[in-house]
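Here is a short briefing for a first look at this structure.

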Amino acid sequence: EEEHNRRMLVNPDAGRAIPQQIDPDKREVAKIQGELRQLLDQQVLEKKIAKRMEKKKTVQQERYFLDSLHRQLVQDRNYRQKQKLKNKHDLMANWEKQASVAKKYAEVRKKMYVQ
């Protein structure tokens with residue numbers, strides 16, 4: 001009872017006043033909790049969106065890199081095929097020249113020994 005009386009006294013020094021516990025209004029508490037929940041939900045949603053955007057950006061970068069690599073590999077393959085075909089034609093032309101020279105040489109030798 002003495003404690004109760006002490007709490008009820010008005011103290012002119014505000015620094016020495018004992019704070020009194022006030023039962024909060026349940027509707028006010030529910031309102032504040034709802035607002036906090038909405039803010040947290042909004043933060044979670046923004047974080048998810050940011051994470052998805054970052055993942056999408058990463059996937060786009062990887063796709064661009066892989067497409068560029070594929071394009072370079074195709075170009076390199078085409079270049080090598082063209083070089084191989086060119087070498088084949090050059091070799092065949094060289095063989096044909098050698099065969100015609102060998103044929104002419106054989107004809108000349110034949111004529112030289114026939115006479």
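**Overall make-up**

The chain has two helices and zero strands. The model is predicted. Of the 115 residues in the chain, 1% are buried.

**Surface**

- The accessible surface of the chain is about 12,300 Å².
- Carbon and sulfur atoms account for 56% of that surface.

**Salt bridges**

- The structure contains two salt bridges.
- Side chains of opposite charge can pair when their charged atoms come close.

**Asp76 and Arg80**

- A salt bridge joins the side chains of Asp76 and Arg80, at 2.9 Å from N to O.
- Both residues belong to helix α2, which covers residues 26-114.
- Asp76 and Arg80 are four residues apart there, so about one helical turn separates them.
- Asp76 is partly exposed, at 34% relative accessible area.
- Arg80 has a relative accessible area of 56% and counts as exposed, because the cut-off for exposed is over 50%.

**Lys86 and Asp90**

- Lys86 and Asp90 form a salt bridge, and their closest N and O atoms lie 3.4 Å apart.
- This pair also sits in helix α2.
- Lys86 and Asp90 are four residues apart, so the separation is about one helical turn.
- Lys86 is partly exposed, with 46% relative accessibility.
- Asp90 is partly exposed too, with a relative accessible area of 42%.

Key: Residues numbered from 1 in each chain as written. Predicted model: local features only at pLDDT ≥ 70, side-chain atom pairs only at ≥ 80, totals over all residues. Heavy atoms only, no water. Buried < 20%, exposed > 50% of the residue type's maximum accessible area, 1.4 Å probe, protein only. Areas by Shrake-Rupley, 256 points an atom, 1.4 Å probe, with all protein chains shown as cover. Salt bridge = Lys/Arg side-chain N within 4 Å of Asp/Glu carboxyl O.
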